[in-house]
Amino acid sequence: MRPTDELSAAERRELIASMRPEDAEGVPALAELDVPDELREQIETAMARYPQLRSAAIPALWAVQRHYGWCSPEGLRQAAAVMGVTPAYLEAVATFYDLIATSPIGRHRILVCHNISCWMNGADELLGAFCDAAGADRDDADHHGASSADGEFFVKGFECLGACDIAPMASIDQRYYGPLDAADALAAIEALRDGDEPLPDKALALRPAAGGPDPSATERAPNAERPDA
Amino acid sequence: MPETRVLFRDIDAPSLATIEGYRDRGGYGALKRALHELEPDELLSSLEDSGLRGRGGAGFSMGKKGSFLPRGEMEKYLCCNADESEPGAFKDRELMQKNPHQLIEGCAIASLAVGATYAFVFIRGEYWEIADILDRAVAEAYAAGYLGADILDTGVRVELIVHRGAGAYICGEETALLDALEGKRGNPRLKPPFPAIQGLYGGPTLINNVETLSNVPHIVNNGADWFKSFGSEQSTGTKVVSVSGCVQRPGNYEIELGIPSREIIYGLAGGPPEGRRVKAWFPGGSSAPVLTEADLDLPYTFEDLAKAGSMLGSGSIIVADDTISIPKLALRTARFYHHESCGKCTPCREGTNWTTKMLDRVVRGEATPMDLDIIAGVQEKIIGHCLCVLGDSMAMPVGSMVAKFRDEFEATIEAARQARPGELEQSPLDRPLTTGAQAA
């Protein structure tokens, strides 16, 4: 369907008149859908964990996205059938969240933080370097995200990822790396193309605390006297 | 001045993230004490006596918040807010990555204190690898009997569920977090009723930040007086401060509240690169009104920063040095809140949108000094008029930048006008920005 922004006023009126509540799709019948066993199992496991099953909506969307690479309309219908909710309900949730893709995106997902601290440390240049290396459109990357023509990469300028200590940084396939420069961006894309882990020595997971291993010279015993401030 | 490490003790010991390593350092002793020696009311009053204030932004007394929950047999809930999305904040990430059991023990004790049977850790979806660590630690804690239907054979039930978000700053707002946890779009709710009365699934709910809950085992172990021996009268304890931006050693530092801000920015984080000066700094994440070089000697406490017209917030310092353009910084800040506004209430949805557009005009030289008055006026009209604090979170820093750096805004407008008369490049901001309500 075309975006509503592109419709003429008459077309819009026609569309609105065609949308009647009684025509809305109800809960899809599970028996009529071919839900992959693995997907169904993941969603049912999530539903069992919560006191109320609708809490499994976001875990279910994650499961669909893992299985299909994005939350496709068919995937959403399958998840809705397993959960016993309407597809519209899940779609409404899916479109709210930045990490849930409701259109197909590149296989490797690269989110480049372009918020304050990363911006001050060169995030715009880093985003450009990732786009050049991956072959993604720079302008789109800064807005909705851009996929490369070969479908291998999705690059997006993202809001604060919570890793300002390694600015400028990027989340590559859900792992954090930083601080990065243009050469790192190129190396990361090449490693991903070769099926290797990108930038293992820049992984956040390996980074020690900023203050060093143990500067705890002032550890205070319980109930110690309060020193004069 | 060195760090004062309580939450960060042995932070880089590889074994700390395992249950054995945590127990070797006395871990889960506080939970045993809370189960066998203390009544829930004693736990709450001890937390209140300690003066522990919420570390997520609002700085409200944790013990007092807990005491607002009604007593009785109804189902109650604990939510740990691990959505940490405030620009500049990254302390919870390191706490969860390197010492997950400290948080789990804190959640278990806080659940006992308020009588909650279900505890949720709502972690932002971007922290996928951290959530994996947390999941492993939770599984260890279940296996060891610290969580589950019958913890340590006492008949007490506490279930802990790690819930991954899917990318929305607004879900760090407590009522939006509850909606997201209930499987809805993360829109904030009208308050009252407050979550302590009617929160998750309509039940009484205590919501606390990761760092707040991580402090709980230490207070139970060592007592409220020990905790009060750190910090100032109104800001007790230690604080993990995230320092980033134009500093030489960005990162998390655990300090005793009340040390001079200069010590944190220069002493610990190394200050701006050689030859540069601090121009502006956010003392408590990007939502805090900016301070200047003249404010560097302020003691880092809730009360002193509030007195100076800003706030400690989540304890995240972002430093901008003299190479940074304040109008561009204001635009970056506004653009973030515009993107993250959920769109539910008008002052925030429209205010963040038009502020971003006006600041973009300033940066491109299409504005006049009169526009600065309009920008300032819009910020005033946002503050206090929104459903939640997201709108205010943009209005406060942007308003403070226009007020404190007005000369620079005017100079930027003038310089840009003279540089490119009539041939201004089209800004990428002329295109529609994505909002929280649109797909990735």
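This is a predicted model: local features need pLDDT of at least 70, side-chain atom pairs count only at pLDDT 80 or more; totals for chains, interfaces and linings use all residues.
**Figure 1. Overall form of chain A.** Nine helices and five strands make up the secondary structure of chain A. Their order along the sequence is α-α-α-α-α-β-α-α-α-β-β-β-β-α. Chain A has a radius of gyration of 23 Å, well over the 17 Å given by the globule rule for 229 residues, so the chain is more spread out than a compact globule. Taken along the principal axes, the box filled by the C-alpha atoms of chain A is roughly 70 × 50 × 40 Å.

**Figure 2. Burial, contacts and surface of chain A.** Of the 229 residues in chain A, 49% are buried. Among contacts in chain A with a separation of 6 or more, 59% join residues 24 or more positions apart. The chain exposes about 11000 Å², and carbon and sulfur atoms supply 50% of this area.

**Figure 3. Cis peptide bond in chain A.** The bond between Ala167(A) and Pro168(A) is a cis peptide, with omega near -5 degrees. Pro168(A) belongs to the loop between strand 3 (153-158) and strand 4 (170-172) of chain A.

**Figure 4. Overall form of chain B.** Chain B contains 17 helices and nine strands. Its radius of gyration is 22 Å, which agrees with the value near 22 Å for a compact globule with 440 residues. Along the principal axes, the C-alpha trace of chain B spans about 75 × 45 × 35 Å.

**Figure 5. Burial, contacts and surface of chain B.** Buried residues account for 64% of the 440 residues in chain B. Pairs of residues 24 or more positions apart supply 71% of the contacts in chain B with a separation of 6 or more. The accessible surface of chain B is about 14900 Å², with 52% belonging to carbon and sulfur atoms.

**Figure 6. The largest pocket.** The volume of the largest pocket is about 1200 Å³. It is lined by 48 residues, and those closest to its centre are Gly56(B), Gly57(B), Ala58(B), Gly172(B) and Val389(B). In chain B, helix 5 (91-98), strand 4 (205-209), helix 12 (302-307) and helix 16 (390-404) each contribute at least two residues to the lining of the largest pocket. By class, this lining holds 19 nonpolar, 17 polar and 12 charged residues.

**Figure 7. The second largest cavity.** Six cavities of 30 Å³ or more are found in a search of the whole structure. The second largest cavity has a volume of about 80 Å³. Its lining comprises 13 residues, of which Arg124(B), Glu126(B), Ala168(B), Tyr169(B) and Glu340(B) are the closest to the centre. The lining of the second largest cavity divides into five nonpolar, two polar and six charged residues.

**Figure 8. Surroundings of Ala116(B).** Ala116(B) sits in the loop between helix 6 (100-114) and strand 2 (118-123) of chain B. The relative accessible area of Ala116(B) is 3%, under the 20% limit, so the residue is buried. Apart from neighbours within four places in sequence, the contacts of Ala116(B) are Lys76(B), Tyr77(B), Leu78(B), Ser111(B), Arg157(B) and Val158(B). Leu206(B) is 90 residues from Ala116(B) along the chain, and 8.6 Å separates their C-alpha atoms.

**Figure 9. The loop between helix 8 and strand 4 of chain B.** The peptide bond that joins Lys191(B) to Pro192(B) is cis, with omega near -5 degrees. Tyr201(B) is also placed in the loop between helix 8 and strand 4. Phi of Tyr201(B) is positive, near 50 degrees, in a residue other than glycine. With a relative accessibility of 15%, Tyr201(B) counts as buried.

**Figure 10. Backbone at Asp10(B).** Asp10(B) lies in the segment before helix 1 (19-24) of chain B. This residue, which is not glycine, has a positive phi near 55 degrees. Its relative accessibility of 27% falls between the limits of 20% and 50%, so Asp10(B) counts as partly exposed.

How values were computed
Residues are numbered from 1 along each chain as its sequence is written. Chains are lettered from A and ligands numbered from 1 in the order in which they are written. Side-chain values use heavy atoms; hydrogens and water are left out. On a 1 Å grid over the protein atoms alone, a cavity is a set of points where a 1.4 Å probe fits but cannot get out, and a pocket is an open set with protein on both sides within 12 Å along at least five of seven lines; lining residues have an atom within 4 Å of a point. Grid points are joined across faces, edges and corners, and a volume is the space filled by probe spheres set on the points. Helices (H or I, at least four residues) and strands (E, at least two) are DSSP runs, numbered from the N terminus. Ala, Val, Leu, Ile, Met, Phe, Trp, Tyr, Cys and Pro count as nonpolar, Asp, Glu, Lys and Arg as charged, and the others, Gly among them, as polar. The radius of gyration is taken over C-alpha atoms; the globule rule is 2.2 Å times the number of residues to the power 0.38. Buried means under 20% relative accessible area, exposed over 50%, partly exposed in between (1.4 Å probe, protein chains only). Contact means heavy atoms within 4.5 Å. Accessible areas come from the Shrake-Rupley method with a 1.4 Å probe; for residues, only the protein chains shown count as cover.
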